[in-house]
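Take a look at the model below.

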Amino acid sequence: MGYTQAKCTLKKTVLFGLILCLSLSMFVPMTSAEDVTSSQLDIHSYVADMQPGWNLGNTFDAVGDDETAWGNPRVTRELIKTIADEGYKSIRIPVTWQNQMGGSPDYTINEDYINRVEQAIDWALEEDLYVMLNVHHDSWLWMYDMEHNYDEVMARYTAIWEQLSEKFKNHSHKLMFESVNEPRFTQEWGEIQENHHAYLEDLNKTFYYIVRESGGNNEERPLVLPTIETATSQDLLDRLYQTMEDLDDPHLIATVHYYGFWPFSVNIAGYTHFEQETQQDIIDTFDRVHNTFTARGIPVVLGEFGLLGFDKSTDVIQQGEKLKFFEFLIHHLNERDITHMLWDNGQHLNRETYSWYDQEFHDILKASWEGRSATAESNLIHVRDGEPIRDQDIQLYLNGNELTALQAGEESLVLGEDYELAGDVLTLKANTLTRLITPGQLGTNAVITAQFNSGADWRFQLQNVDVPTVENTDGSTWRFAIPTHFNGDSLATMEAVYANGEYAGPQDWTSYKEFGEAFSPNYTTGEIIITEAFFNEVRDDDIHLTFHFWSGETVEYTLRKNGNYVQGRR
């Protein structure tokens with residue numbers, strides 16, 4: 001339905017509609033999912049009210065037979081209710097349509113599947129959540145091939161949005177559509193050519209006109225448009241801004257994604273700490289986004305954010321450094337008026353128990369939605385087993401807060417006796433640490449919780465450690481594990497160089513290898529695993545490893561690789 005036809009229809013039905021609405025209002029109660037009417041639909045308020053958001057990741061976007069294909073259970077109403085109860089205001093529901101569509105020319109979407117997606121959307125609307133629906137991994141499954149298969153890609157893409165527009169045209173305006181997730185036009189990330197900008201413009205504008213001309217609430221439904229790869233370089237931001245200027249529609253939203261400064265985000269090249277370069281990347285990225293869109297009247301949703309290392313394990317980035325990253329990131333997003341949606345593919349919220357795997361992580365996120373939390377230079381306090389214990393000075397980053405109490409388990413620590421505070425430097429007294437340490441008991445001996453006048457608590461792990469040791473072993477390139485006595489310590493990173501000093505292994509531009517990709521500690525079995533991926537990119541030679549631990553200790557080890565056989569020696 002075009003704009004002219006829609007307006008004529010509206011004029012003919014307005015009187016009947018008014019009578020019907022007055023009659024129904026006597027019998028039908030207002031619900032929490034009541035629509036945002038056109039007179040209320042200020043897009044800036046709309047996006048602000050979406051804050052904060054959460055992604056239902058690795059579910060309907062899974063490539064497989066159904067929503068459980070990537071290991072998550074079926075979505076339940078209780079899951080959606082949990083998200084709303086935890087304080088989230090919006091939910092992004094990524095959907096991959098490829099395996100649920102027929103062939104050309106109609107590309108008909110499986111009715112059961114689209115009805116199932118609708119059920120999840122309706123549950124979310126009934127919980128008063130804003131909902132973002134998109135076309136997700138189709139972007140790298142078939143849409144990337146526009147250069148060689150333009151007509152078929154556009155036909156399939158058009159068919160999807162025609163069907164979705166028709167299916168959901170009468171749904172609340174609290175449902176928004178996102179044209180495509182992370183669009184790219186090669187199979188490799190970052191290979192952006194000049195003609196790719198035209199392809200994205202074709203997708204975004206085709207999507208726009210299909211939705212707008214489909215009638216119903218789609219005439220004013222909020223629509224979300226991405227940059228190429230949802231990346232944040234200035235050129236890509238400028239290109240999307242121009243598209244949105246061309247469309248000249250007051251109900252458009254820009255979207256980008258962010259997974260941090262890459263070396264920190266995957267723990268490579270020695271970027272184990274949340275230091276200045278990582279912080280500056282946040283500042284530079286979202287200053288660009290703000291200046292391009294928000295400051296010029298176009299609201300922005302950060303449709304996904306997290307750390308790339310989480311795809312392997314949430315332990316790839318050390319806990320305290322991780323918490324500092326997210327506290328600062330959300331603070332800066334708030335400063336730049338950017339709504340954020342956490343990417344969660346099942347690693348944050350347990351979808352069986354509806355509880356958070358890492359409550360401390362969730363607490364600092366939640367506290368950051370409306371304020372700032374204090375952090376510290378580290379959440380680890382190390383003492384050497386059997387050695388005299390001394391006072392420990394710890395730099396606090398108060399972020400405008402005040403320390404109000406320290407708690408060690410059930411014991412309240414006393415200012416002036418157990419600890420001192422001089423400005424933003426906390427000193428834990430030797431007698432306090434001695435009291436909390438059990439000689440010979442390696443590992444975490446106590447958790448000291450710092451409480452502040454606002455924001456989340458900060459928890460210090462008091463670690464009693466000895467020097468880590470490793471043992472000689474032999475093995476193969478596809479299963480090599482170094483027996484390790486961590487002795488209460490934890491591994492920060494690993495360096496690998498050949499005997500002549502050349503960097504060894506993957507990413508040979510740095511000696512510091514990627515945590516979880518080239519190596520991984522297993523504290524339960526007492527091993528450091530050197531992965532097959534590491535050995536696939538090293539030659540037969542001696543390889544000198546240096547293991548760096550969070551206490552500051554280092555341990556040296558040598559591998560001798562000969563074909564698939566590996567010797568490991570201290």
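Q: Why is L308 called partly exposed?
A: This is a predicted model, and in it L308 has a relative accessibility of 32%. Buried means under 20% and exposed means over 50%. The value for L308 lies in between, so L308 counts as partly exposed.

Q: Where does L308 sit?
A: L308 is in the loop between β7 (300-305) and α11 (319-335).

Q: What makes L308 part of a nonpolar patch on the surface?
A: Patch residues need over 30% relative accessible area and no salt bridge, and nonpolar side chains are joined within 5 Å. L308, at 32%, passes the area cut-off. L308 forms the patch with W262 and W509. Together these residues have about 300 Å² of accessible area.

Q: Why is the contact of K205 with D246 called a salt bridge?
A: The closest N and O atoms of K205 and D246 are 3.4 Å apart. The cut-off is 4 Å between a side-chain nitrogen of Lys or Arg and a carboxyl oxygen of Asp or Glu. The pair is within that limit, so the contact counts.

Q: How do you know that K205 and D246 link distant parts of the chain?
A: K205 is in helix α7 (residues 194-212) and D246 in helix α8 (residues 234-247). They are 41 residues apart.

Q: What makes R384 and E387 a salt bridge?
A: Their side chains meet at 3.8 Å, N to O. That is within the 4 Å limit, so the pair counts as a salt bridge. R384 is partly exposed at 25% relative accessible area. E387 is partly exposed at 44%.

Q: What makes R569 and D474 a salt bridge, and which parts does the pair tie together?
A: The N to O value is 3.1 Å. With the limit at 4 Å, the pair is therefore a salt bridge. R569 lies in strand β28 (residues 565-569) and D474 in strand β21 (residues 473-476), so the bridge ties together parts that are 95 residues apart in sequence. R569 is partly exposed at 30%, and D474 is partly exposed at 41%.

Q: How many salt bridges does this rule give?
A: The count comes to 32. E67, R74 and R116 are linked in a network of salt bridges.

Q: How do you know that β21 and β28 pair?
A: Pairing takes at least two bridges. β21 and β28 have 4, in the antiparallel sense, so they pair. G475 has V566 in β28 as its bridge partner.

Q: What else pairs with β28?
A: Strand β27 (residues 554-562) pairs with β28 over 5 bridges, again antiparallel. N562 stands opposite Y565. The hairpin of β27 and β28 has 2 residues between the strands, and G563 takes a positive phi near 65 degrees.

Q: Which way do the side chains of β28 point?
A: They alternate. V566 and G568 point to one face and are buried.

Q: Why are β12 and β15 called edge strands?
A: The open sheet runs β12-β19-β18-β14-β15, with mixed pairing. β12 (380-384) and β15 (411-412) each have a single partner strand, so one side of each is left without a neighbour in the sheet.

Q: What makes β14 and β15 a pair?
A: 2 bridges join strand β14 (residues 403-408) to β15, antiparallel. At least two are needed, so the strands pair. A408 stands opposite E411 in β15.

Terms used
Residues numbered from 1 in each chain as written. Predicted model: local features only at pLDDT ≥ 70, side-chain atom pairs only at ≥ 80, totals over all residues. Heavy atoms only, no water. Patch = residues over 30% accessible without salt bridge, like charges linked within 9 Å, V, L, I, M, F, W, Y side chains within 5 Å. Areas by Shrake-Rupley, 256 points an atom, 1.4 Å probe, with all protein chains shown as cover. Buried < 20%, exposed > 50% of the residue type's maximum accessible area, 1.4 Å probe, protein only.
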